[in-house]
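The tour below goes from one selection to the next.

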Amino acid sequence: MDMFSSKPPAWADTAVHAMSLQCPQCRTPSIEAEAVWLNRRSPVYDNDRQRKWQEFYKCGCGCHWWAWSSDRPPNEYRDREPVNPINPPMPDWPRFFDRPQDG
Ligand SMILES: [Zn+2]
């Protein structure tokens, strides 16, 4: 099954809204679900202008549920600054990034 398909799977029709990213019936985390489908057709904008969408999960216990993508716990990459090649963070930053223009 294609989780990015635009067509909802049949089981999504009976999904119940879970308050966190785990099965409301057996507490199985979303990553262990048998199938997942993201409803990317209708993203919703939060108060803080963050885009969120529905994530549907088909649990092995027979329960179908969904949660907002914004309910996902913050991941470890969120706070990390992207590497800026213009301002190398270390003096020994590879020369590759500040190579003078050819020509
Ligand atoms: Zn379950």
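Start by selecting Y57 and W65: Y57 stands opposite W65, a residue of β4. The model is a predicted one. The two strands around this pair, β3 and β4, are antiparallel and share five bridges.

V16 has W65 as its bridge partner in β4. Select residues 64-68 to see the whole of β4, which runs parallel to β1 and is joined to it by two bridges.

Now follow the connection between β3 and β4. These strands form a hairpin with five residues between them. Select G62, which is in the loop between β3 (51-58) and β4. In this turn G62 has a positive phi of about 100°. Is G62 buried or exposed? G62 counts as exposed because it has 11 C-beta neighbours inside 10 Å, and the cut-off for exposed is 12 or fewer.

β2 and β3 are antiparallel and pair over seven bridges.

T14 is exposed because 10 other C-beta atoms lie within 10 Å. T14 and C63 are 49 residues apart along the chain, with 8.8 Å between their C-alpha atoms.

Finally, show the whole chain. What is the order of the strands in the sheet? The four strands form an open sheet in the order β1-β4-β3-β2, with mixed pairing. At the edges are β1 (16-17) and β2 (35-45), each of which pairs on one side only. Strands of a sheet pair through backbone hydrogen bonds, in a parallel or an antiparallel sense.

With the whole chain in view, the elements run β-β-β-β from the N terminus, and there are zero helices. The chain has 103 residues, of which 17% are buried. Of the contacts with a separation of 6 or more, 56% are between residues 24 or more positions apart.

Methods: Residues are numbered from 1 along each chain as its sequence is written. This is a predicted model: local features need pLDDT of at least 70, side-chain atom pairs count only at pLDDT 80 or more; totals for chains, interfaces and linings use all residues. A residue is buried if 20 or more other C-beta atoms lie within 10 Å of its own, exposed if 12 or fewer, and partly exposed in between; C-beta atoms are placed from the backbone. Two residues are in contact if their C-beta atoms, placed from the backbone, lie within 7 Å. Two strands pair if DSSP finds at least two bridges between them.
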